[in-house]
Amino acid sequence: PEELRAAAAALAAQAGGAEASDSVSLRIAELVDHIVSHLKVLAKPSILHTCADAMSRGGRPDLAEDFAAACRNEAMLREAAPIDEAVLCESLIAGYATRGNEKKVDELLAADRTNNEDKEVLARRAAVAIRGFLKCGKVGSATVRLVAMHEEGLAIPKRMVMELVRASKSPQALDLLVNRNVPLPSEALSLALSVCEQRDDADTALRLEKQARALGTPLRHGAFEALLKLDSRRSGERVGALLEEVQQAGISASEGLCGCLLANCAENQNVACAEAVAAYLRTKSLMTLASYKTLMKVYACSGLFDKACDLYTEVQEVGLEPDSVMYGCLVKFAVKCGRRELSEELFEKVGGGFVQNYMWLIRLAARDGDPAKALQLLMRLKASNPEAVDIMLYNCVLDALALNGEIEKAEALFAEVRQAGLGNLVTYNTLMKGYCAKGDIGSAKRVLREMEVAEIFPDSATYNCVLSAAASVGDFREIWLCIHELQRRHLALDQYTLSIMMKAARRARDPADAAKALAVLDRISGMEVCADEVLLNTVLDACIFRKDYKRLAWALAAYDSASTQVQPTVRTYGLLIKTCSVLQQTSRCWDFWHEMTESRGIVPNDITLSCMLDALIEGKSMESALQIFRKWSGRVACNTVIYSTLIKGFASTGDAKQAMEVYRDMQDQGIAMNMVVYTSLIDAQARQGCMQEAAALLRRMEQDNCKPNTITYSNLIKGYCNKGDVAEAEKIFKEMLSRGVDADTVVFNTLLDGCVRTSDFARADRLLLKMKSLGVDHSNYTLSIICKMWGKRGQLDQAFQAVRESSCSKDALVGSCLVTASLHNRSPDMALQAFRMLQSWPGAANPDARLYSSLISGLARFGRPAEAAALAKEASEVRLKEPLDAACLKQLFKALDSKSSMEETGHRLAARLHAAGMTVPKKWLQSQAAHETCNAVLNALRP
């Protein structure tokens, strides 16, 4: 039998992949003849199956079929050893599947289902096919058939699922298993999740996990490991819960795994996730020096240097001894968070240690304003290890001297460095920076010339020193000279240059200088803005301050589309939230807030919280603002600014009751009151007409030594005027003046408007005289009130005279009031004159649809439809933003009809108005005379 099997295998190998030839068919016939000639010994079903199986597994199942057919055709064999078709079928399925012949496999399986109802047998055959497809790399075909097995209710061997998952090279196979709810045994689930983790495919992993939990499949160590790694690379929100589950399941997360999770947290600056991992390690007493170092890195990457330093105490308490690398990092972190005593303690503990330790302490001395300490450290290193003193250390000390105003000592050290032949570009730049810090741009330029003599070529940083000094004093002439020099030398505008220009734009007194500085952004791409957090912050801040919303939207879009975004700090999140608020994108404010507080676990500071509250208030979401305030008030130090933001929000919505509740909460917390808070509270009460409460708040304000300003009094005055109590408003006004608070145009406008509305003209005259005596200029709004006043007094000449004599700019509001006053006094000629005056004023906006409608209606009412029609024709030609008022047009066409001008004027006008997008109903065009004639005829015909 073994010789026959070998012969059958050799026959399959000899045939290869070619079609069965005559010679191969002849060999099969010879093989069958040999079996027949030794009938008693070889004519056994098992031997025949062995031969067929050898051909099939040898890659030629078609030869196995030919061999079986030949055996069936041999009568003696048919009787002595009939072929077991079931066994042959299984062998052929394995062979064809291994060759990847899906069509033939499906035919065999379909025939098997027809002839066989035994599910166990069907499952075994399907499993044979799947393994064959896996062998030839057809994972997709294998997956489809595994799904089919599941849907037919056939038992799926666990080992086969493992083989399929292991062979999967694309997410599509796992997706199909998940989508069709194919259950994975624990071992296969672990392997599948591991595959997802290697591909960083969190979506498929989460679906696999959800399905497993729904089916009650236990999660093993490998599954938890994959899920933990995936989540730590993202939000890290589930890491703590997963580790707790690991502990409850009696599984141990190794120190190596936890180290990997901590490393992921450092990369993502995910403090909350890292602390959850560290908490788990502490409960298991698994915190090693490597774990502490990685956790320290997480804190450092997130800018939490204080927390990184605090780990040193814990390391000592658990009996671990930091290595030299850890000591060096701790010295650096202590310097960065300003813990001088700790940095010096660590420095002395390692006897100075690496040169980097000296440099960090020198930088600390520079920051603390102790240049003598910096020189002392230099001398100490020179004495202990002179070979370690290099140009980088010299530059560090030079920086400490220059920035702390020790220019003479800096010059002496600079001379020493040059004499030693060690000076480089940084050396010259550092000395220049010292001169610039003192505002001595001339000396800085002298060093620049010396640098060129020494054949050291300046870079962008060189010019940034001068640029920064010029920007700090607002010297835009020097700023543009520097920019020109940078361009002449083909030096790129780097992130520091751009940051300086943004600061200059914000500080500029002349709006033209600010606009020119902001225009520098047009020379760079959005990717460059997002490459550096400081630059991003200065761009957002400058654009917000200058109300450059176009560039602000560009910067936000660049941030959103940047492939490698900066990891925002608390300050950056505050600016991003403020940006979205200014651009009226409240939903994006929420996105950034959730990313900061939930995804990254960062606690907001008072400024960022204030920005979010302000954004919600601007977005008319006071309830959400109050909820966020209550949620975070226990964790964030809520100051007067935050409380005043809330109070101003409630004041703007007219919710005086809620504003007072916030005020009482503020008092309970012992928060100091200020003028802004009281002014906002008074505004809230005045808006509601609660003047008694508003006046009481003014008295309380004085008791708290908060001096009211013009806005405070203006809110009170406006409240009294809105109630029609102008006399009381004037009392407050006089009190304001008696306390030395200057009255501005807004205060006078509020009082004058109140007087005109109550027709208290004598008081208005006194106020205008007072306004003149105090030298308070009229605004266009003041002029509009004066026009209303003379109109109500029936003295149009005085109104026109006031407009002609006024030096303030005239606008559409003034013209509209003059037209309205003229019509009110039944003077259409004066109204037309005022309308034409408005059109002639330089810089004034064109009359709008409302003013056109008012004048057209007035002219029609006063029996002057021809002029009204001419004005309507003019309105149809100037492309108004809104159509003319329908009531005014109806009145116009009625007036035209009454003057029998419908045919001559009305129809042509209607066509023009229709072309301009204004509707004129047909019934307005029907003559009233025709209506009367028709009615007369109908009346005559009635019996």
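Which residues in α38 meet residues in α40? In this predicted model, Asp606, Leu609, Ser610, Leu613, Asp614 and Ile617 form the α38 side of the contact, and their partners in α40 are Val641, Ile642, Thr645, Leu646, Gly649 and Ser652. By class, the contact of α38 with α40 comprises six nonpolar, four polar and two charged residues. An α-helix has 3.6 residues a turn, so residues three or four places apart point the same way.

The geometry of this pair can be described next. Helix α38 covers residues 606-618 and helix α40 covers residues 640-652; the two pack at an angle of about 5°, with their axes 9 Å apart. Because angles under 35 degrees count as roughly parallel, α38 is roughly parallel to α40.

Attention may now turn to a loop. Asp548 lies between α34 (533-545) and α35 (549-561). Is Asp548 buried or exposed? Its relative accessibility is 14%, and therefore Asp548 counts as buried, the limit for that class being under 20%. Apart from neighbours within four places in sequence, Asp548 is in contact with Leu518 and Cys543.

The buried residues of α51 are Pro828, Met830, Ala831, Leu832, Ala834, Phe835, Met837 and Leu838. Against which helices do these buried residues pack? They pack against α49 (796-805) and α50 (812-824), and also against α52 (849-861) and α53 (865-877).

Key:
Residues numbered from 1 in each chain as written. Predicted model: local features only at pLDDT ≥ 70, side-chain atom pairs only at ≥ 80, totals over all residues. Heavy atoms only, no water. Buried < 20%, exposed > 50% of the residue type's maximum accessible area, 1.4 Å probe, protein only. Helix = DSSP H or I, 4+ residues; strand = E, 2+ residues; numbered from the N terminus. Contact = heavy atoms within 4.5 Å. Axes fitted to C-alpha atoms, helices over the stretch in contact; angles between N-to-C directions. Parallel < 35°, antiparallel > 145°, perpendicular 65-115°, else oblique. Nonpolar A, V, L, I, M, F, W, Y, C, P; charged D, E, K, R; others polar.
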